Amino acid sequence: MTEVSIVVINKNEDGVRETVEALLAHDSAYQPEIVVVDASRKRYDDLRVAHPELSWLDFEPRPGVVTIPHQRNAGVRRARGEIIVFVDSSCVPDPGWLDRLLAPIVAGEEELCAGGTRGRGEGSLYAEPATVEYLPECPTINLAFTRELFDRVGGFDETFAYGSDVDFSWRVRRAGGRLRNVPHALVVHDWGDRRRQLKRAFRYGEARA
């Protein structure tokens, strides 16, 4: 059986509770390790204590530093799996999500697969899942890749505040890799209200530039 690790990074997102509970209950052919990299200063210790089966990493926040890429790299270092899966806090997977996402990798066809994301709550500013076979870029909100690919590309660039995931996907392509789209491997995400969505869009637009 292929060893799989699911990594969730978090900082003060209450949605991590729903995400963790949904991942633990998710029905899959795999028995994934679930790694939570939390920079919330033990705010969610009750969740950690309630689920000792989680691999929980308390990540120390750094004043004035957005630690998203640092937490991503720390999560991969903690993970034991040959395949790493990233899911954002406040995401809930659809039935069959993990098996669909991993199928092309386990079959030896791909090294990286990006699943689809459907919004809930207030109207989303973000596009629904693309239907093309291969993507020009992808975030880590719903993403699987081999550890060998991660090591080859060099992980996430910790000089970024935001956008290190899209940069990672660009570097995968520059290294000759492909970004396989698996739109039917869906997670549902609460994007927050319109103000939060606009703030996030500005930050990622700035990072892209």
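**Sheet pairing and helix burial**

In the predicted model, leucine 112 has phenylalanine 145 of strand β7 as its bridge partner. This pair belongs to the contact between strand β6, spanning residues 112–120, and strand β7, spanning residues 142–146, two strands that run antiparallel and are joined by three bridges.

Both strands are part of an open sheet of eight strands, arranged in the order β3-β2-β1-β4-β7-β6-β8-β5 and with mixed pairing. The edges are formed by β3 (55–58) and β5 (91–93), each of which pairs on one side only. On average, and with direction ignored, neighbouring strands of this sheet are turned by 25° against each other.

Helix α4, made up of residues 97–106, packs on the sheet, where it touches β1 (4–10), β4 (83–87), β5, β6, β7 and β8 (180–190), and the direction of the helix makes about 155° with that of β8. Within α4, the buried residues are Trp97, Leu98, Leu101, Leu102, Pro104 and Ile105. These residues lie on the same side of α4, because the arc that they cover around the axis is only 150°. Just after α4, glycine 108 adopts a positive phi of about 80°.

Burial was also examined for helix α3. Of the eleven residues of this helix (residues 68–78), nine are buried, and α3 is therefore largely enclosed by the rest of the structure. The buried residues of α3 are Ile68, Pro69, His70, Gln71, Arg72, Asn73, Ala74, Gly75 and Val76, where buried denotes a relative accessible area under 20%.

How values were computed: Residues are numbered from 1 along each chain as its sequence is written. This is a predicted model: local features need pLDDT of at least 70, side-chain atom pairs count only at pLDDT 80 or more; totals for chains, interfaces and linings use all residues. Side-chain values use heavy atoms; hydrogens and water are left out. Two strands pair if DSSP finds at least two bridges between them. Helices (H or I, at least four residues) and strands (E, at least two) are DSSP runs, numbered from the N terminus. Axes are lines fitted to C-alpha atoms, for helices over the stretch in contact, and angles run from 0 to 180 degrees between N-to-C directions. Contact means heavy atoms within 4.5 Å. Buried means under 20% relative accessible area, exposed over 50%, partly exposed in between (1.4 Å probe, protein chains only). The arc is that of the directions from the helix axis to the C-beta atoms.
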